[in-house]
Amino acid sequence: MSRAIALKPGQFSLAELRRLWSEPVTLELDVRAHPGIGAAAESVQRIVARGAAAYGINTGFGLLAKTRIPDADLRQLQRNLILSHSVGTGPLLEDPIVRLALALKIGSLARGHSGVRPLIIETLLKLHNDAILPCIPAQGSAGASGDLAPLAHLTLALLGEGEVRVSGKAMPARDALAAAGVAPVVLAPKEGLALINGTQISTALALHGLFLAERLLEAGVVIGALAVDAARGSDAPFDDRVHEVRGQPGQILLARVYRELLAGSAIRRSHLVNDDRVQDPYSLRCQPQVMGACRDLIAQSARTLLIEANAVTDNPLIFPRQDEVLSGGNFHAEPVAFAADTLALAIAEIGALSERRIALLIDATLSGLPPFLVREPGINSGFMVAHVTAAAAASENKSLAHPASVDSLPTSANQEDHVSMATFAARRLDAMARNTATILGIELLAAGQGIDFHQPLLTSGRLQKVHKALRDKVAFYDRDRVLAPDIEAASGLVFDGALGTACRDLLPPLDGAVNSGELVGPGLSRPGGWPA
């Protein structure tokens with residue numbers, strides 16, 4: 001475990017969430033959260049003692065909310081809720097997503113409006129910090145009334161039911177708890193509902209997509225700049241005056257990044273004069289416009305997801321000062337669905353633009369390079385079919401980019417008559433990101449070939465480092481060979497974020513804009529007395 005994160009409920013930063021996603025990190029709950037947690041739990045006890053009907057505390061759930069449950073059965077009610085809602089299917093969520101989901105659920109419950117005892121939060125912290133990760137099937141949530149099925153599977157681990165992963169190995173939850181010295185929890189009134197009601201799974205999945213989109217954007221910019229030099233393109237379209245008069249912030253920023261990436265290129269200097277081409281194709285010339293718009297969309301999604309990551313999204317909610325329990329609909333994940341659909345657009349477009357540059361590079365009439373980027377074309381096919389792979393991935397992303405949020409299918413006998421589909425909206429981002437990483441990996445190979453063909457002229461100092469990183473893993477393609485391993489290696493450089501080092505000092509992280517004061521307003525109250 002690396003350095004711990006001090007968890008201040010309602011105050012996760014984007015950088016902290018990224019760390020939780022990228023590596024196992026210890027969470028330490030701020031002691032100032034304890035009074036609020038205890039006050040909400042005591043409020044639930046008083047509500048039960050009064051005997052008045054309160055949804056989910058002493059009633060049934062969903063359409064069964066009118067069924068009053070005797071006090072003697074309230075603990076069984078909560079246990080039955082978890083067992084009956086553990087209906088997930090499909091592949092298991094990956095460890096980084098489960099880590100995030102646990103952290104988000106802890107942060108939400110610790111805001112002091114869910115009515116759970118400190119024991120529940122302490123046990124969740126133990127699971128997270130000891131890397132006892134519940135096995136959570138990926139499918140089964142419609143993104144309204146919370147991520148009920150996947151969160152029920154998460155909660156099973158607290159009860160000593162179901163399976164968990166420890167060091168990548170699946171084992172019964174009861175055995176893992178025993179090995180860690182943790183007793184299975186017996187749920188008190190309201191606790192089961194608080195645990196499974198909420199948007200933490202869809203938000204964790206969407207954050208996973210967000211952090212991958214950041215890597216794709218960085219790689220797309222770096223590889224796109226390399227393609228400009230490979231095709232002997234012009235850097236004149238990146239002149240800041242062009243972009244200032246339009247005013248789009250992402251475009252202005254990205255134009256500067258492209259200028260810096262290409263600065264000092266001997267390839268560019270070689271055709272500053274006596275070049276009969278007037279304008280480059282859009283896939284080279286309009287990169288700031290397209291990639292800048294993608295960055296703006298990614299930043300917009302990040303703002304929404306950061307708010308949601310800090311939110312209280314279960315139902316009903318406890319307001320201890322008034323001893324009130326209020327039913328609402330914070331579990332409805334429409335903001336997450338919209339953010340995920342927005343990320344899907346950006347991920348698809350980064351790949352779509354890259355595919356067009358691959359097509360340009362292999363076309364000798366446009367790039368001036370050998371046909372299909374190989375010596376002795378004819379006997380060698382070069383990158384001909386590698387481009388087909390890129391085109392197939394780009395086309396698949398077009399279908400996956402269709403907004404999931406426009407779909408809704410009523411559930412629970414029409415009690416839940418509009419749902420967000422946020423969980424699928426977020427879950428499909430991983431497949432889209434892998435497709436785009438493949439496309440960018442193929443473009444990296446193609447642009448690297450182009451740079452090699454221009455020797456002894458060299459690209460810029462920054463891009464020489466990118467070219468070297470590629471050649472450290474993949475040799476020059478001098479004649480036909482099995483290209484699949486090369487594609488996998490180059491795509492790995494994209495997917496793992498390795499290429500971002502070439503521009504990370506030029507392209508500021510989203511954290512600054514997203515964590516600005518504009519997020520702290522009526523929609524995001526901070527725990528009383530805590531500094532902003």
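Okay, a quick definition before anything else: two strands pair if DSSP finds at least two bridges between them. With that in hand, here's a bridge to start on: Glu163 has Pro172 as its bridge partner in strand S7. And just so everyone's clear, this is a predicted model.

Another bridge of that kind joins Arg165 to Ala170 in S7. Taken together, S6, residues 163-166, and S7 pair in the antiparallel sense over four bridges. What sits between the two strands? The hairpin of S6 and S7 has two residues there, and Ser167 takes a positive phi near 55°.

Zoom out a bit and you get the whole sheet. It's an open one, three strands in the order S4-S6-S7, with antiparallel pairing. S4, residues 132-134, and S7, residues 169-172, are at the edges with a single partner strand each, so one side of each has no neighbour in the sheet. Ignoring direction, neighbouring strands here are turned by 40° against each other on average. Which helix packs on this sheet? That's H4, residues 95-109, which touches S4 and S6. The direction of H4 makes about 95° with that of S4.

So, on to helices. Two packed helices are described by the angle between their axes and the distance between the axes. Let's stay with H4 and look at how it meets H9. The axes of H4 and H9 come within 8 Å and cross at roughly 130°. H4 and H9 are therefore oblique to each other, and their crossing is right-handed. On the H4 side, the contact residues include Leu100, Leu104 and Lys105, and on the H9 side you'll find Ile201, His208 and Phe211 among them. By class, that contact splits into nine nonpolar, four polar and one charged.

Searching the whole structure turns up four aromatic pairs. In one of these, the rings of Trp21 and Phe211 have their centres 5.2 Å apart and their planes at 45°, so this pair counts as tilted. How far apart in the chain are the two partners? Trp21 is in helix H1, residues 14-22, while Phe211 is in H9, and they're 190 residues apart, so to speak distant parts of the chain.

H9 covers residues 200-230, H14 covers residues 287-309, and their axes come within 10 Å and cross at roughly 160°. That angle makes H9 roughly antiparallel to H14. Left-handed or right-handed? H9 passes H14 in a left-handed crossing. If you want to click on something, the contact includes Leu210, Leu217 and Val221 of H9, plus Met291, Ile298 and Leu305 of H14. By class, this contact has 14 nonpolar, four polar and two charged residues.

Last pair, further along the chain. H15, residues 334-362, packs with H18, residues 422-453, at an angle of about 20°, with their axes 9 Å apart. H15 and H18 are therefore roughly parallel to each other, and this crossing is left-handed. What's in the contact of H15 with H18? The residues divide into 21 nonpolar, three polar and five charged.

That's my tour, so over to you.

Key
Residues numbered from 1 in each chain as written. Predicted model: local features only at pLDDT ≥ 70, side-chain atom pairs only at ≥ 80, totals over all residues. Heavy atoms only, no water. Axes fitted to C-alpha atoms, helices over the stretch in contact; angles between N-to-C directions. Contact = heavy atoms within 4.5 Å. Parallel < 35°, antiparallel > 145°, perpendicular 65-115°, else oblique. Left-handed = near helix turned anticlockwise from the far one by under 90°. Nonpolar A, V, L, I, M, F, W, Y, C, P; charged D, E, K, R; others polar. Phe/Tyr/Trp six-rings, centres within 6.5 Å; stacked < 30°, edge-to-face > 60°.
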